[in-house]
Amino acid sequence: MEKKSVARKPHCLVIAFPSQSHINPMLQFSKLLEHHGVKITLVTTRSYYHNLQKVPPSIAVETISDGFDKGGISEAESFKAYTDTFWQVGPQTFAELIEKLGKIGDYVDCVIYDSFFPWALDVAKRFGIVGVAYLTQNMSVNSIYYHAHLGKLQVPLKESEISLPALPKLQPEDMPSFFSTYIEDPFVLDFVVDQFSNIDKADWILCNTFYELDEEVANWTIGIWPNFRNIGPNIPSMFLDKQYEDDQDYSVTQFKSEDCIQWLNDKPEGSVVYVSFGSLAMLNEKQMEELAYGLKECSSYFLWVVRASEQIKLPKDFEKESDKGLVVTWCSQLRVLAHKAIGCFVTHCGWNSTLETMCLGVPIIAIPWWSDQPINAKLMTDVWKIGIRAPIGETKFVQRETIKYCIRRMLESEEGKMMKNNSIQLKTLALKAISKGGSSYENIIEFTNNLFSF
Ligand code: UDP
């Protein structure tokens, strides 16, 4: 990629919510912009700063305060207490940062903010700076929250079937979990809906997905916001287009990866079930037990990520390492999904995991847990047809027999082969979208050209 030569590169501040699944895609996007000649400063909280060692040296890092400079969210009494304080202290320290950079001649031209931080747009506008919303979740979820913001969705949900423009018909269990927990805890739904409180003032609205994945939703969205663009999937280049050799797995994480590639190396192609529930999910003990015995009793190999804090929930007699299975506390998921031994992915359906599995052509067994995961599961199973959803039933957990059945169905049936083929087709579409001339590629070029025109 040829870098544009200008006297001064346009300078973007990129600010993400301090969690892995928000920082990673925004960091990936930052690296792309950098390849197109844009200067990037990544902004994080003082407490999250130590997780950013893997940021490439060409990207500057600055910090702001969330009001909990030592421990971040773990110091706060609740998520609400955390964001209440953050929303007071964050905008002030973010504005101070922009001023500080201006004073040393490092002027900020553009703020690319995680849509979870609507206040960052207000700060950008106060300084007369271009404000760009970056949506880390998929457009169907964003559309649902946007409708809730407009008051077009009754909360708590009353209907047994939800119809929204450009989306498949949704049952209440397909909706983001915050709708069903609204009565006990209205705060989280209010929080995610608030992303859209000022979005109409954003100069651009970018989303980490690609047009071909969800054409109808993308067309609907651009009808609402003409400045909306898909710019994804933002995953490291070496796992998709292989354009930038230096673009390895730069996952920003508080967890230490264990090497499991060697273990995978001697397993036959497509024979291993990879199991992970992301960086936050906490399964209950019963679910862990059923999963453990389901995996142990099925005939396939398995690689299971159980975070250190969750390992206590494993059954006492469960072997963490055998020829049949391996339990690790964390791994490089992208490297694992890219390994030919992987046959399918038992996933909680976080949006990053969803994009990653798609980009690497791996079909899934969905066990969504909360947040946007139920709708991601619905799309993967019913719309894109790259997987099956493990039924929960009356027990409220997925039973071991169900797990064994789903794995067999996925790895040993014609239907499983069809889902594998579908996921390879999506991989091809994703690759096309981010390659020269592709939809996301061209949107990024349009966006950077606009930055250079200031
Ligand atoms: N991940 C990883 N190693 C693991 C498990 C997860 O690198 O052992 C990464 C995964 O690649 C993804 C992120 O953690 O990028 C999880 O994000 P997602 O949106 O899927 O779920 P969340 O953690 O927000 O629930």
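**Close-ups of a predicted model**

**View 1. Strand S9, a well-covered strand in this predicted model.** S9 covers residues 301–305 and pairs with S10 in the parallel sense over four bridges. Look for valine 305 here: it stands opposite valine 328 in S10. Strand S8 (residues 272–276) also pairs with S9, again in the parallel sense and over four bridges. On that pairing, valine 272 has tyrosine 301 of S9 as its bridge partner.

**View 2. The open sheet of six strands.** Read across, the order is S10-S9-S8-S11-S12-S13, and the pairing is parallel. Which strands stand at the edges? They are strand S10 (325–328) and strand S13 (387–389); each has a single partner strand, so one side of each is left without a neighbour in the sheet. From one strand to the next, the twist averages 15 degrees. Helix H11 (residues 373–383) packs on this sheet and touches strand S12 (364–366) and S13. The direction of H11 makes about 125 degrees with that of S13.

**View 3. Leucine 326 in strand S10.** Is leucine 326 buried or exposed? Leucine 326 is buried, because 21 other C-beta atoms lie within 10 Å and the cut-off for buried is 20 or more. Not counting residues up to four places away in sequence, leucine 326 touches Cys260, Trp263, Leu303 and Glu321. Take tryptophan 263 from that list: leucine 326 and tryptophan 263 are 63 residues apart in sequence, yet 8.1 Å apart in space, C-alpha to C-alpha.

**View 4. The open sheet of seven strands.** Here the order runs S3-S2-S1-S4-S5-S6-S7, with parallel pairing. Strand S3 (60–64) and strand S7 (228–230) stand at the edges, each with a single partner strand, so one side of each has no neighbour in the sheet. Neighbouring strands are turned by 25 degrees against each other on average, direction ignored. Strand S2 (residues 39–45) and S3 pair in the parallel sense over five bridges, and leucine 42 stands opposite valine 61 in S3. Helix H2 (residues 79–103) packs on the sheet, touching strand S1 (11–15), S2 and S3. The direction of H2 makes about 140 degrees with that of S3.

**View 5. Valine 14 and the largest nonpolar core.** This core has 125 residues. Those with the most contacts inside the core are Val14, Ile15, Val111, Ala120, Ala133, Leu303 and Ile365. Zooming in on valine 14, and leaving aside its neighbours within four places in sequence, the contacts are Met26, Ser30, Ile40, Leu42, Val43 and Ile112.

**View 6. The shell around the ligand.** Of the 20 residues around the ligand, Ser21, Gly278, Gln333, Gly350 and Ser353 come nearest. Helix H1 (20–35), helix H9 (333–337) and helix H10 (351–359) each supply at least two residues of the shell. Which one gives the most? That's H10, with four residues. By type, the shell divides into seven nonpolar, 12 polar and one charged.

**View 7. Lysine 169 in a loop.** The loop in question lies between helix H4 (139–149) and helix H5 (186–193). Lysine 169 counts as exposed because there are 11 C-beta neighbours inside 10 Å, and exposed means 12 or fewer. Leaving aside neighbours within four places in sequence, lysine 169 is in contact with Glu161 and Ser163.

Key. Residues numbered from 1 in each chain as written. Predicted model: local features only at pLDDT ≥ 70, side-chain atom pairs only at ≥ 80, totals over all residues. Near = placed C-beta within 6 Å. Nonpolar A, V, L, I, M, F, W, Y, C, P; charged D, E, K, R; others polar. Contact = placed C-beta atoms within 7 Å. Pairing = 2+ DSSP bridges. Axes fitted to C-alpha atoms, helices over the stretch in contact; angles between N-to-C directions. Core = buried A, V, L, I, M, F, W, Y, C linked by C-beta atoms within 7 Å.
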